[in-house]
Amino acid sequence: MEQRNITRISEFLLLGFSEDPELQPLIFGLFLFMCLMAVTGNLLIILAAISDTHLHTPMYFFLSNLSFVDICFISTTVPKMLVNIQTQTKVITYEECIIQMYFFLFFVGLDNFLLAVMAYDRFVAICHPLHYTVIMNRQLCGLLVLVCWIITALNSLLQSFMVLWLSFCTNLEIPHFFCEPNQLVHLACSDTFLNDIVMNCVAGILGGGALAGILYSYSKIISSIHAISSSHGRHKAFSTCVSHLSVVSLFYSTILGVYFSSAVTQNPHSSATASVMYSVVTPMLNPYIYSLRNKDIKSALKRLFEKETIKLSIVLG
């Protein structure tokens, strides 16, 4: 009974990046800008993919799903931090913290799996171009996305329930700008051995499995590209993978950088700063990486703006 009373805490404190009052407006403005850029960019990708029939293909179906997940991903962490800065408080309730942790795990896991699915899509398109439309049919595309959602939802649910069983005592300060699972678990005063085992195993199996799938797909893609006789053909085939490869490199390099930096320095504040790269910067940059080098996206956005401009002129006229 005593342990249960200890566990029923009401709130945590998110320490964020700095307690210096002079830096708070700068941090608020910077993160508000990145959040708005991420939401706007990803929303434009979704609207372009939905409105333009030329983009009704598996690649853009997966891309629009990735954009939706990135909007949700950045919306899970940044708005609460902005509210805390604006209200000059660090409090997040116990329930809000668990919910935030659940959705953080959910959307980072979805990002991980969707990038692997997109790599498989590029593998089929380049290595089996004649069978692409047959293999990547609507049923398979929908099934792949559904499986991604189910696996990540179950994983997030498992890890959230395991945190619910932990007991928390007096140290309720989280040295982060959101309820990062690893930081939250290590605040517990009960035994966290099982939580650590599950987190590491899940990271190895799900994260490592998705990364292995991406590496395998690209090893086959590179072999197929090398087999193309003309340089123009090789360049055209590789150009379809550049944007995805850039996003994959950004996502995994930042996550691995956070993992290794936290393991080496043992400094939670530096880990929080590094976490900004994959939890905020990556969702912000993804739509611009895809749109800057993609003529189809540019054309779709141009047609979308022209269509909306005509509608607006009719309404105002």
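Q: How much accessible surface does the protein have, and what share belongs to carbon and sulfur atoms?
A: Accessible areas come from the Shrake-Rupley method with a 1.4 Å probe, and for residues only the protein chains shown count as cover. Here the accessible surface is about 16700 Å², and 68% of that area belongs to carbon and sulfur atoms. This is a predicted model, in which local features need pLDDT of at least 70 and side-chain atom pairs count only at pLDDT 80 or more, while totals for chains, interfaces and linings use all residues. Residues are numbered from 1 along each chain as its sequence is written, and side-chain values use heavy atoms, with hydrogens and water left out.

Q: How many helices and strands are there, and what pattern do they follow?
A: Helices (H or I, at least four residues) and strands (E, at least two) are DSSP runs, numbered from the N terminus. The protein has 11 helices and three strands, arranged along the sequence as α-β-α-α-β-α-α-α-β-α-α-α-α-α. Its radius of gyration is 22 Å, close to the 20 Å from the globule rule for 317 residues, so the protein is as compact as a globular protein of that length. That radius is taken over C-alpha atoms, and the rule is 2.2 Å times the number of residues to the power 0.38.

Q: What share of the residues counts as buried?
A: Buried means under 20% relative accessible area, exposed over 50%, and partly exposed in between (1.4 Å probe, protein chains only). Of the 317 residues, 46% are buried.

Q: Which residues does the buried Asp121 touch?
A: A contact means heavy atoms within 4.5 Å. Asp121 lies in helix α4 and is buried, with a relative accessible area of 1%. Leaving aside residues up to four places away in sequence, Asp121 touches Pro58, Met59, Phe62, Tyr132 and Met136. Across the protein, among contacts between residues at least 6 apart in sequence, 79% join residues at least 24 apart.

Q: How many aromatic pairs does a search of the whole structure find?
A: Rings of Phe, Tyr and Trp (its six-membered ring) pair if their centres lie within 6.5 Å; planes under 30 degrees apart count as stacked, over 60 as edge-to-face and the rest as tilted. The search finds 19 such pairs. One of them, Tyr102 with Phe106, is stacked, at 6.1 Å centre to centre and 10° between the planes. Both residues lie in helix α4 (residues 94-127), four residues apart, about one turn of the helix, and both are buried.

Q: What is the geometry of the pair formed by Phe104 and Phe178?
A: This pair is tilted, with 4.7 Å centre to centre and 40° between the planes. Phe104 lies in helix α4 and Phe178 in the loop between β3 (173-174) and α7 (181-185), so the pair ties together parts that are 74 residues apart in sequence.

Q: What is the phi of Gln88, and is the residue buried or exposed?
A: Most residues other than glycine have a negative phi. Gln88, although not a glycine, has a positive phi of about 55°. Gln88 is placed in the loop between α3 (58-87) and β2 (91-93) and counts as exposed, at 74% relative accessibility.
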